[in-house]
Amino acid sequence: MSNFKLVKTAAALALGASVVTSAVATTDASAASKYKIKSGKLVYAKSGKVVKGYVTYKSTVYKNGKKLTGLKGKTYYKAGKKATGTYKGAYYVKGVKKVTTGTYNKAYYVKGVKKVSTGLYASKYYKDGKLATGTYKGAYYVKGLKKVTTGTYNGAYYVKGKKVVSTGLYADKLYVAGKLNKGYKLYKEDLYKDAVLNKGLVVFEGKLYDGAKLNEGHKIFKDELYNGSELNTKLALFEGKLYDGAKLNEGIKKFEDKWYNNAELADGTFTIDGKEVAIENGVEVGAKVKSVEAINAQQVKVTFNKSVDKTTAENIANYDVIDASLNVNTSVLDKSGDADDSIVKLQDDKKSVIIDLDPTNANSKALAGKTNYTVKVNKESVKDLAGNYVEAHSTSFVFADTVAPEVTSVKASSTGFTVTFSEPIDITNADKGIVKVNGVNVKATDITAVAGDKYSVKIAYTLVAGTEYSVYTAAFADLVGNKSEATTKTASISTDTTAPTLQSVTQDGDLVVAFKFSEELAAGTTAKIYRDATVFANNVTLVQDDEDETLYTATIPNATVAGVDLYPTGQTSTSVKVELSNFKDVTGNVTAGITKDLTLTRTVKTPVIESTKWDGTRAVIKLDTVLDSTSEVASKLLVTDASGAEVSGLTAEVASDATGTDADGKYIVITGLNADKEYTLNFTKGFAKDKAVVPNETGNYTLSLNTKSSALDKTAPEITTPATDISVTGNVITLKFNETLAASARTLSNFTLDGSALPAGTVVVLTTSVPNTSPVNDTIKITLPEGYVNADANYLLGYKNIADLAGNVADAGSKSITLADTVKPVLTSAVVSSVDGKITLGFSEKITAAADAAADFIVKVNGVTLTSGYTVTTDLTNTKQLIVTVTGVNTIGQTVTVTSINNPTIVKDTAGTPNALTGATLVTATQK
């Protein structure tokens, strides 16, 4: 059964295949006569019926009698032929299907329709029919998708679709990952800020850039100093300022041989390594005067550049204040030895002193207004704290005080008011000043000076405690007459019920005891000072301090009483008792007497030698303290010469001055030495004693002395009498000094006229005032160029740096001189009058002439010299003109010349010493 079925099935299949083949036969008929074309259709030749199915006839495929347009199998035909084209969503080539939607033959097709080869389709970019990556018509595409035209894409910058830069420069701008750089960026060793090269200074990654490049040299950025691109690490000077590392220097430091205070060149006084150092413009200098000023009519302040030794600074002999107004070098200091002598007081800053012309105001000595003064600090006088001498100094100034005194305070006490002013007050005049208390005038007799205080006046008035008083003052004059303005201040005293207390008892000198109280005391308090039964001071009245009203002193009058020494032999201190009497304050509150124990210590100090000099005949040794002139022990001086041999036949004495006056003083003067030698002076201890309570002996001193002439001269040259020693003759100025001058004295820059340098052409020479006598070359002759002074006038001649052969420099100075006109007048023009033919001569300045000055001129008309027939007279209307009157010759419209003769003698200028007309000057007249 199964086999049967298989056979049947196979037969059936064979039959089916035969039927299908017959229905769709597509092969050409074996005979052309089988088919034919009728009415455009393929039919059977015999029956004329349309051939069904596919039939190829004459290489043309027909379907159901019509030329096939469509598919036969998978082949595309059009009008019976295999065709190329699009059919039902596919593209065929010679009947073969190539593509529906996709790429074929470098073109892109959609449902068989070609859309694009290279270009855009549906906003996508194709190249050779495929989605492409690249630039097309100003845009950039990736796999056909447009990404950018001009802009950034995928880390690059594009312009019209073309990639121009990723990280780098384009159009001189920096791009990073296709974008304009933001912030700072280093590219190929150049620094960019944003997209352009950096400008100016900036720190980037810890380094300083100047513009695009690493900085070179020193520069400041944000207050820090860079050296190259790194912060500076050492001391460096930049634009005149010192930097320590990157910051401005702080404190005092030395750099390249100059001192700097903070960032600037040091100028002032500094403590360096524990030592006081004076510095000017960065350079260490010795002790010298820094400034001099008159602070009022009686006080001159001298400021030094270093702290100075109190003893030498307060020695009035070391200074001078000279009235130079009359050229007579008159000192205004009082050094007579009286109680009202001028004094010098060292100020709290230890660097300045005030010279007080008249500390007691007893002799009314004061500076005069509009007067020239010279203040001197003498050579080898004042010392600094290290013992070095302050450099000699001289300063001139014109004192002018136009400022009125002002009231600085009004203090009240039970007995009146103390009015203090800003400067010393002169109440010696009858009118004194005006005072009103509560509107009521105070009598002049109730206005008095305050002892020891010339700045204040005392106004006697009885005050009631707890009451406020109005104190009006006006018209108080200072020492040059400036009067105070009207001022009203209030003052009062409170009810004082507190008794004064003694706060301390101290020593203030070998024989002086100081008392400090809680307040000012009424007059009359006394002290008794004793040891055991010996009274060294009995009921000594306490003396109030000039500045501190609560400080008082008592002086022991005798250091030895009844054979008992205050300081026992061999002892430097002693214990005493100090007994105060009852004491009361100014309001009457009383305190019972007090006794205090006090240890007194005497001064123990070996005298110090300040200087050793040779004055030409004597050796002069100056010490810092006064010696007893009766205490010399000659055997304690041994003098040897350069060979070491002892020198005998000498005299050595204590003297009060450098000339050897035998009296107590600070000098030891040795006579009998020879000039032009070198000596060694050996003092052993005890040659002399000072004047202390218990005298101190001089010490062991070894001194070198040079008596050669080069060591002799320590005195600066000076103009002894300025009124006659400075003179003028014509254009020559002479300055006569008292000794031979060094060649440098003729340096042109040493002199000025009215503060300006001498004119070019000035000649300065040294000459001898009295020929063939000594000293030689003691005079400076200054010859000004001819024509420099064109009118008689006064000038201020200044001079400085005038040194002698030993190098001593004279004080700078000045003097008013009169210089005469030395400029000759010059003929400058001639004008012929068209009215009368007279010739008007013009000159460079005013002139004078005798009645007829024709002899001084040569007049020519048309080249012909006039030998007579003309006069030359003054022009009454113009002193710079002369009139030439010509007779017998026509000058109008002619060529006229006038010439001054070679040496005119008649026409002169109007100077004090007339200058004759300049000769050989020709002018051609103009017609007018």
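**Exercise 1. Aromatic pairs.** Count the aromatic pairs in this predicted model, then classify the pair Phe204 and Tyr209.

*Solution.* A search of the whole structure gives 34 aromatic pairs. A pair of rings is described by the distance of the centres and the angle of the planes. For Phe204 and Tyr209, the centres are 6.4 Å apart and the planes stand at 65°. The pairing limit is within 6.5 Å, and planes over 60 degrees apart count as edge-to-face. The pair Phe204 and Tyr209 is therefore edge-to-face. Both residues, Phe204 and Tyr209, are buried.

**Exercise 2. A second pair.** Classify Phe683 and Phe687, and decide whether Phe683 is buried or exposed.

*Solution.* The ring centres of Phe683 and Phe687 lie 5.2 Å apart, with 80° between the planes. This pair is edge-to-face. Buried means under 20% relative accessible area. Phe683 has 4%, so Phe683 is buried. Phe687 has 0%, so Phe687 is buried.

**Exercise 3. Rings in a cluster, charges over rings.** Which residues do ring pairs link into a cluster, and which ring lies under the charged end of Lys436?

*Solution.* The cluster holds Tyr35, Tyr44, Tyr57 and Tyr62. The charged end of Lys436 sits over the ring of Tyr472, 5.6 Å from its centre. Lys528 places its charged end over the ring of Tyr530, 5.1 Å from the centre.

**Exercise 4. A buried lysine.** Locate Lys622 and find its nearest side chain of opposite charge.

*Solution.* Lys622 lies in strand E74, residues 618-627. Lys622 is buried. The nearest side chain of opposite charge is Glu610, 4.1 Å away. A salt bridge needs a distance within 4 Å, and Lys622 has none. Beyond neighbours within four places in sequence, contacts of Lys622 include Asn318, Glu610 and Tyr667.

Key
Residues are numbered from 1 along each chain as its sequence is written. This is a predicted model: local features need pLDDT of at least 70, side-chain atom pairs count only at pLDDT 80 or more; totals for chains, interfaces and linings use all residues. Side-chain values use heavy atoms; hydrogens and water are left out. Rings of Phe, Tyr and Trp (its six-membered ring) pair if their centres lie within 6.5 Å; planes under 30 degrees apart count as stacked, over 60 as edge-to-face and the rest as tilted. Buried means under 20% relative accessible area, exposed over 50%, partly exposed in between (1.4 Å probe, protein chains only). A charge sits over a ring if NZ of Lys or CZ of Arg is within 6 Å of the ring centre and within 35 degrees of the ring normal. Helices (H or I, at least four residues) and strands (E, at least two) are DSSP runs, numbered from the N terminus. Lys and Arg count as positive and Asp and Glu as negative; His and the chain ends are not counted. Contact means heavy atoms within 4.5 Å.
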